[in-house]
Amino acid sequence: MAFASKSPWVIHYDGSSCNGCDIEVLAALCPGYDVERFGIINTGNPKHADIFLVTGSVNEQNKAVIREIYDQMVEPKVVVACGICACTGGIFHDCYNVLGGVDSVIPVDVYAPGCAVCPENIIDAVVQGVAVLDEKSKALKKKRKEAAL
Amino acid sequence: MDLFYVLVGTVVFAVGGPVLGCLLAGIDRKVTARMQGRVGPSLLQPYYDVRKLLEKDRVAVNSSEEVYVATALVFTLLAGGIFFSGGNLLLCVFVVTLSALFFIVAAWCTRSPYAEVGASRETLQVMAYEPMVLFMAIGYALGIASMTGFLSFDVRAAFYMPAPVILSNVLVFAGLLFVLTIKLRKSPFDLSYSHHAHQELVKGVTTEMSGRTLAMVEIIHWCENVLFLGWVGLFFIWNSAASILLALAVVAAVYFLEIWIDNNFARVKWQAMLKGAWVVALVAGVVNIGAFVVL
Amino acid sequence: MVLIGFLILAPLVFAALLLAVRNNKARKVIVCAGAALVAAGSLVLVCLGTGTRGIMFTFYSPVVDYVCMALSVLIAVCILVFGFRYRNVASIVLALVQVIGSLVFEIAFAHSIVITECLYVDSLSLVMTFIIGVVGTGICVYALGYMDDFQAHEPEGAPDRRPLFFALMFAFLSAMYLIVFSNNMLWFFTGWEITTLCSFLLIGYTRTDEAIRNAFRQIIMNLIGGIAFLVALYAMAITFGTLSLNELIVVGQAYPALVSLPVCALAIAGITKAAQMPFHTWLLGAMVAPTPTSALLHSSTMVKAGVFLLVKLAPLFAVCPVPSIMTVLVGGFTFVLCSFMAISQSNAKRVLAYSTIANLGLIVACAGVGTPQAVWAAVFLILFHAIAKSLLFLCVGTAEHHIGSRDIEDMDLLFQRMPRLARFMMFGIMVMFIAPFGMLMAKWATLVSFIYAGQVALIVLLAFGSAATFMFWAKWLGKLSGIAGSPQNVERTVHRSEWFALWLMVALGVAACVAMPAISTFYVEPYLLGVYGAFGQDIAETNLWLASLCSIAVIVVLFAGVGRKGTAKQAPVYLAGVSADNGQRVFRNSLSGQTEAASRNLYLDELFGEGRIRRVGEAVCALLICVAFVGCLAGMPILF
């Protein structure tokens, strides 16, 4: 059994957005939805986090930031694009500075559409992300075992 | 022979400390959740967290960080071993301080700006609680001396006393409760790193720690909690089997109180913490220890 | 006894040689040979004397008396010359008072008093011998390399005063030996004054305005102490008709009221020498001297002469309440206040100076308590402090010449720029303030002894002082430990002689920490048995050995565990996702420019600043000393 799915810690980054999804993510973390039930904690530190929640679209300014946060996260890790802007660029997709969705910079594992994305959707996405996390964790373990042999 | 006891105690504590500490941490999260009107995670959540951390890839800013943290863990276990094998309370305090130092240096050696701020604050915290912790040990020894006429810092001495040490150490005990909030890393004194989502420091001391290193930090924290609550219980032990039950009840009450404080107070600035802890220590130390000497 | 004579005279011979020789190579040979001889002699003496409870030697020589007198006059003349040259009135007046006082004393009393046993050895003087002979000579060897660099850093055409420097260092060693072996207080006093003069000349070594100013501050304060010493000599001669230290202690224990004045005066002398408040500023000023001087005179030996005297007098403090209270409180306050002030300093030598004063304060307080337990603690404090502090001073000196600064903030990344030196420094710092190393074990004993003595004030002062001590050492340690990027290693140009001395100090530190229980059994306890007829060790043997084991573990971690290349993947530090040059901690700021994240240690100036604390401490301690002295003086006439 992999323990990754039992304690998914998240880090949240907000790209260029209207902040609607941003607020929904925080709402999901608040007592009303109580995601700590599933062991989810908002860490605010890429080195501690397993799941990268990105809201808003990617632009020239935050491209490097998203890249760096993603790079600093420790394997196994999962990216969840929250809201339509994060998935595709959304309403901002043809702005002069916008590159598009998060997947234009880093690989995305789960897409959670919505404008704004509702907390239930976020929770669903994280649960899906957790399954991916488990797989990655197993793959990592296997790799480590092989390296040890 | 004593060395042998300490060794056995350390081994036992190395197994029992984390188990107990993990459950305590689970209870803490559950109770906290209930206080906030939530369901909260499962009781074993802290265990899952650590297991997950152990499964993570090994990444570090430098390799020294992990060595320092491992050393801190070893000394925490040793401190627990000294305490629970009935050894010298003062030595136990010193070894815990040594472990705290290694933890601080671990943060500093990464040269991360956030970790450095966390380490500075952690140093301040140690400075804030250190006098009171010393007074605790002194008050304990004087309490033993007032009953037997023989000064002893040995933890096992309490089990031979006709009455618990708390009777002559009310103020020292109150002071200990005050600094316990710092030592347990509870709000309002969780300046250097916090389990809450205060994020101005990212994660303070532990900012650069990940995977296995962070897992060790969690285990250190569990063991410390068990040890510090052991200090609290020690004040209620005397020559009676019932005293152990009483001590456990007091420990439970104190832990609940700390969780309640944690949930009801906002973090303070370091000035308030330092001044508060020192004033409490000064009053408790001077009055209570002075009373021992005068009487 | 021959050995004692050798130890006192041999350094003098070498001093004379060094003064005469101007060739740098020859000087190196002489210094190394001298250091080796003196160290060997000291070690032989220490080994031969293992476990001794004290031996008195029947030795009296009027010639030595005359030599001592001549030396006193010479010292005074020297001070007067400098006083006139630099127009320092206070030093002239004090030197005149002292020389006239001592001449009158010689003529009026000294020759009527015959002391048959002028020299002695006990385990305390053996511990001091070890410090002077091994730590002291180690520092002299270190100075060879250091002074070469020092001279190279001096402006072009600066006069080369190195012959004088080394001569003074060796003369100083001789004076220290005289102090620790003399039972005759007159000889003791001569040694005392020689150390003062050596310190004066060495502080003023560079002859800059600041150096001269600080040198005069030192001489004025120490002359006050010297005059207090003289008062004690008068009181001893008048009331007992003896100048034997041993007799003073024996008689004093039987008739405490009689010795109250001499003990008080000697305590004041010791307090000035040990740079306690309000006299602590001379030691801070002394930091302008070349670093080996600071290591030798101002941390490991000369200031230890002050506490040595007080520890010798400890049995009398146990019975004389007035001087005891004065000593205890002055020491206690100095400990806590100087520890506080050390927090606010970023200059490494100043931190070391404050920490030295603070630790001396603790030793002074222990001596003032006067119980066997307290003396046990004091002896270990002296030993560990001497070793660890000289190591730290030497490290700072070497670092200063290689990174160009003695500011702790500039020691960032020293762990990589000077990997070995940084580890040495970290070891020295750990020995100073953290269990399981020696200083803290000694502090533990101190605490226990204060509890036994019922000294509530001291317990409280010790607790808060120790907390402050943790703060200022830990943050320095943290600064040193930083590892990042791969800065240039600048360690390769450190002189061999410097490495030798540094290794020596580290080895001594390790040995002393690990062998603490043995040192207690073979040296400290015999001394206490001889003086008190009681044991002083109050920490269970098991706990001492446990601490030894922990020390070994920490040393292994420090020297073998950290700083290696690990198996984990390297990662950059977290800079909020906006790093520009992560290795240098440079990030992109909100204006798309670049900023380097800089962090300084906490100095908490508004709480622990010098301006605030110094005045309080000086006032309180000065008041304590005045009241105690007047009290003792007033107590005397009743006896006549």
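This is a predicted model: local features need pLDDT of at least 70, side-chain atom pairs count only at pLDDT 80 or more; totals for chains, interfaces and linings use all residues.
Residues are numbered from 1 along each chain as its sequence is written, and chains are lettered from A in the order in which they are written. In this model local features need pLDDT of at least 70 and side-chain atom pairs count only at pLDDT 80 or more, while totals for chains, interfaces and linings use all residues.

Q: What makes chain B as compact as a globular protein of its length?
A: The radius of gyration is taken over C-alpha atoms, and the globule rule is 2.2 Å times the number of residues to the power 0.38. For 295 residues the rule gives 19 Å and chain B has 19 Å, so chain B is as compact as a globular protein of that length. The C-alpha trace of chain B spans about 55 × 40 × 40 Å along its principal axes.

Q: What share of chain B is called buried, and by which test?
A: A residue is buried if 20 or more other C-beta atoms, placed from the backbone, lie within 10 Å of its own. In chain B, 63% of the 295 residues are buried.

Q: How many helices and strands does chain B have, and what counts as one?
A: Helices (H or I, at least four residues) and strands (E, at least two) are DSSP runs, numbered from the N terminus. Chain B comes to 9 helices and 1 strand, in the pattern α-α-β-α-α-α-α-α-α-α.

Q: How do you know which residues of chains B and C are in contact?
A: Two residues count if their C-beta atoms, placed from the backbone, lie within 7 Å. That gives 56 residues of chain B in contact with 47 residues of chain C. On the chain B side, α5(B) gives the most, with 17 residues.

Q: What makes β1(B) and β3(C) a pair?
A: Strands pair if DSSP finds at least two bridges between them. β1(B) and β3(C) (residues 569–570) have 2 bridges, in the parallel sense, and B:V59 has C:K569 as its bridge partner.

Q: Why do β4(C) and β6(C) stand at the edges?
A: Chain C has an open antiparallel sheet of 3 strands in the order β4-β5-β6. β4 (579–581) and β6 (594–596) each have a single partner strand, so one side of each is left without a neighbour in the sheet. Between β5(C) (residues 586–588) and β6(C) there are 3 bridges, and C:V586 stands opposite C:E596.

Definitions and conventions:
A residue is buried if 20 or more other C-beta atoms lie within 10 Å of its own, exposed if 12 or fewer, and partly exposed in between; C-beta atoms are placed from the backbone.
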